[in-house]
Amino acid sequence: VALLQGDRVNARRFVEEILAAPIDAATNMLFEPGFIFLICYQVLITHQDPRAAKILQTACDLVQTQAATIQDQTLRQSFLQRMTANRALMALAQRS
């Protein structure tokens, strides 16, 4: 919300709090970690923070790992393409 409101300072502060947690612990506590990682990536890019590339890679790895656990091909494709954050992360990674 802070980033959408143009409040880059608070957006950055929130991202720093998220990134301070171990990645495994953070993703296990989140309902939709792809969305959180996407927001973190967007905030870091806004600040030209070099950690953005690592966050994007971590997010894509997480999405791919989660997708690999879905046995049904149709459901797996839905997870990758119909969930907005997952689709956006994969598109960003392909452009990088």
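Modeller: Asn-86 lies in helix H6, residues 84–95. Helices here are DSSP runs of H or I with at least four residues, strands are E runs of at least two, and both are numbered from the N terminus. This is a predicted model, in which local features need pLDDT of at least 70 and side-chain atom pairs count only at pLDDT 80 or more, while totals for chains, interfaces and linings use all residues. Residues are numbered from 1 along each chain as its sequence is written, and side-chain values use heavy atoms, with hydrogens and water left out.

Biologist: Is Asn-86 buried or exposed?
Modeller: Asn-86 is buried, at a relative accessible area of 2%. Buried means under 20%, exposed over 50% and partly exposed in between, with a 1.4 Å probe and protein chains only.

Biologist: What does Asn-86 touch?
Modeller: Leaving out residues up to four places away in sequence, Asn-86 touches Gly-34, Val-63, Phe-79 and Leu-80. Contact means heavy atoms within 4.5 Å.

Biologist: At what angle do H5 and H6 pack?
Modeller: About 75°, with the axes of H5 (residues 73–81) and H6 5 Å apart. That makes H5 roughly perpendicular to H6. The axes are lines fitted to C-alpha atoms, for helices over the stretch in contact, and angles run from 0 to 180 degrees between N-to-C directions. Under 35 degrees counts as roughly parallel, over 145 as roughly antiparallel, 65 to 115 as roughly perpendicular, and the rest as oblique.

Biologist: Which residues make the contact between H5 and H6?
Modeller: Phe-79, Leu-80 and Gln-81 from H5, with Asn-86, Arg-87 and Met-90 from H6. By class, that contact has 3 nonpolar, 2 polar and 1 charged residues. Nonpolar covers Ala, Val, Leu, Ile, Met, Phe, Trp, Tyr, Cys and Pro; charged covers Asp, Glu, Lys and Arg; the others, Gly among them, count as polar.

Biologist: Next pair. How do H1 and H3 pack?
Modeller: H1 (residues 8–20) and H3 (residues 33–46) pack at about 130°, and their axes are 10 Å apart. H1 and H3 are therefore oblique to each other.

Biologist: Which residues of H1 and H3 meet?
Modeller: On the H1 side, Arg-8, Ala-11, Arg-12, Val-15, Ile-18 and Leu-19; on the H3 side, Ile-36, Cys-40, Val-43, Leu-44 and Thr-46. The classes in this contact of H1 with H3 are 8 nonpolar, 1 polar and 2 charged residues.

Biologist: Now charges. How many salt bridges does the structure hold?
Modeller: The structure holds 5 salt bridges. A salt bridge is a side-chain nitrogen of Lys or Arg within 4 Å of a carboxyl oxygen of Asp or Glu.

Biologist: What does Glu-16 form a salt bridge with?
Modeller: With Arg-12, the closest N and O atoms being 3.0 Å apart. Glu-16 and Arg-12 are 4 residues apart in helix H1, so about one helical turn separates them. Glu-16 is partly exposed at 29% relative accessibility, and Arg-12 is partly exposed at 25%.

Biologist: And what about Arg-13?
Modeller: Arg-13 forms a salt bridge with Glu-17, with 3.2 Å between the closest N and O atoms. Both lie in H1, 4 residues apart, about one turn of the helix.

Biologist: Where does Arg-51 come in?
Modeller: Arg-51 forms a salt bridge with Asp-49, at 2.7 Å between the closest N and O atoms. Arg-51 is partly exposed at 32%, whereas Asp-49 is buried at 9%. Arg-12, Glu-16, Asp-49 and Arg-51 are linked in a network of salt bridges.
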